[in-house]
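Please keep the sequence and the model open while you read.

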Amino acid sequence: MQEYRMLIGGEWVNSTTTETFADINPATLETLALLQLAGYKDVDRAVEAAWKGFKVWSETPPPKRAEVLFKAARLLEERKEDLAVLMTKEMGKILPEARGDVQEAIDIAYYAAGEGRRMFGETSSSELRDKFCMTVLRPLGVVGLITPWNFPVAIPAWKVLPALMAGNAVVLKPASDTPLSAIKFVETLLEAGLPPGTINLVTGAGSTVGAALVKHPGVRAISFTGSLETGKWIMGECAKSMKRVSLELGGKNPVIVMDDADLELALEGVLWGAFGTTGQRCTATSRLILHEGVREEFSSRLLEKTEKLKVGDGLLPETEVGPVINRAQLEKIESYVRIGQEEGAKLLSGGKRANSELPGYFFEPTIFTDVKPEMRIAREEIFGPVLSIITVSGFEEALEVANNTAYGLSSAIYTKDISKAFRAVEKLECGITYINAPTIGAEVHLPFGGVKGTGNGFREAGPEAIREFTEVKAVYIDYSGKLQKAQIDTSAPAVQERGTEQ
Ligand code: NAD
């Protein structure tokens, strides 16, 4: 069994605990590899190495940093297929989706590299004569990046590449279910020419290694994507040491299907949004808010299509829905099916394990009808192939139900009425709204993130990505050759007002 090491200061090293953990294929339950179970001391080593890397990297001109990222993008392109196959084995998503995951990393690599010649500040006139004002972007220092398992290459790439472009050094802690994809991604960055220490990778449990990174006094910022519970804890810890923290958390994403919608288009969108990636996307469609006028027709056509979906190993070309990530997740989904039934919702389709003759963690695409907005299956993130249908009698009620959630990541509406489409854009409380398209499918040049329980105001990707990883410094250049006092001296000598200087 191949054993993989962690990256610290440019060297692939064993953990100080000398322990390892297994990386399991969720479709076959085979062990793919053994990984280092890092401890607190490894986090110390990684942070120390990162500060050394920061010294070199932060002084490298951004267009030169960009050259490394462009090269990494090209290497990722060359390795796209190998990385995608590995990802399907490690995480379970079907091969075409795994290719999409790697493509997203390639896209953000090119995008972030392009920012190398666009690290713009702003200039401004001064209130005083012979004085010039501007802002410059500065890196934060060493940043800790903690990622989930559902996008094993794309999410690390979304964080690592803009953070590096901005001149930071990073310590990456990938999810324990998908460390190998992260290691392979990081290998391409090293080969592209990143100086030692600029990127470090530690593998192990979130409760030890992740927590140690969050608490480490040498880490200036944490960028975290994961569950609401973990995010809340991290935010509390970061508050204690005044660390910057950006959070990308869960979702309970609604799709509204109005009675004037193109039903075939909406069916395709709901099916893809709910059961693509086995429902394990933070933007997955978990609530279908359906106009009563199309309830019967839409539900029965959706049922017909859902029952035809093929569940299986994501490497097989006929598979449309892969396994869920692990046993705990499988049991969580089963428990929510029980909760839904106890709450009085009607199970329209699925509700149990699929392919029970196979060892993997397969679950049937599941649909509940007669769901009420107050039920737990309509409020809590299940993170699996479970869709709840809530019927409404009109547009205003649809918006109200859509917003009746602690989360606010993605949303969608299917309608041919332009007024309703624009009203939905205004009124839906979330970071992303799709019109006549499913709740999933973000592109890297637009900001990504959510409101309410989904995040704390930061956005990833798009122009916001560099902001997440930089500080803005204000610079004043006085070329008058004399002491000038802001708010006290004025440019018109006749006017001498009293004031305060700050
Ligand atoms: P998780 O919170 O269990 O784990 C995420 C990461 O945090 C893992 O690397 C884990 O090891 C680490 N971790 C766990 N406890 C920690 C602690 N105490 N301190 C520091 N790190 C810790 O989430 P998950 O199950 O891996 O991922 C699924 C969740 O991620 C879902 O809620 C999903 O909606 C969310 N997600 C959000 C987005 C987004 O951009 N909004 C994207 C993908 C996934």
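The points below cover the ligand site, an aromatic pair, a surface patch and a loop residue.

This is a predicted model, where local features need pLDDT of at least 70, side-chain atom pairs count only at pLDDT 80 or more, and totals for chains, interfaces and linings use all residues. Residues are numbered from 1 along each chain as its sequence is written, and side-chain values use heavy atoms, with hydrogens and water left out.

**Ligand site**
- The ligand is surrounded by 28 residues (near means that a heavy atom of the residue lies within 4 Å of the molecule).
- Thr-147, Lys-173, Ser-227, Leu-249 and Glu-381 are the closest.
- A polar backbone atom of Leu-249 is 2.7 Å from a nitrogen atom of the ligand. A polar contact is a pair of N or O atoms within 3.5 Å; within protein, one must be able to donate a hydrogen and the other to accept it, and residues adjacent in sequence count only if both atoms are side-chain atoms.
- The side chain of Thr-230 places an N or O atom 2.9 Å from a ligand oxygen atom.
- Gly-226 has a backbone N or O atom 3.3 Å from an oxygen atom of the ligand.
- Taken alone, the ligand exposes 850 Å², and the protein buries 87% of that. Accessible areas come from the Shrake-Rupley method with a 1.4 Å probe; for residues, only the protein chains shown count as cover.

**Aromatic pair**
- There are four aromatic pairs in the structure (ring centres of Phe, Tyr or Trp, its six-membered ring, within 6.5 Å; planes under 30 degrees apart are stacked, over 60 edge-to-face, the rest tilted).
- One of them joins Phe-70 and Tyr-110. Their ring centres are 6.1 Å apart and their planes stand at 45°, so the pair is tilted.
- Phe-70 sits in helix H2 (residues 62–78) and Tyr-110 in helix H4 (residues 95–114), so the pair links distant parts of the chain, 40 residues apart. Helices (H or I, at least four residues) and strands (E, at least two) are DSSP runs, numbered from the N terminus.
- Phe-70 is partly exposed at 29% relative accessible area, and Tyr-110 is partly exposed at 28% (buried is under 20%, exposed over 50%, partly exposed in between; 1.4 Å probe, protein chains only).

**Surface patch**
- Phe-132, Ile-477 and Tyr-479 make a nonpolar surface patch of about 290 Å².
- Tyr-479 lies in the segment after strand E19 (470–478). Tyr-479 is exposed, at 55% relative accessibility.
- Patch residues have over 30% relative accessible area and no salt bridge; like charges are joined within 9 Å, nonpolar side chains (Val, Leu, Ile, Met, Phe, Trp, Tyr) within 5 Å. A salt bridge is a side-chain nitrogen of Lys or Arg within 4 Å of a carboxyl oxygen of Asp or Glu.

**Loop residue**
- Thr-319 is in the loop between helix H10 (295–308) and helix H11 (327–343). Thr-319 is buried, at 8% relative accessibility.
- A polar side-chain atom of Thr-319 lies 2.8 Å from the backbone oxygen of Asp-313.
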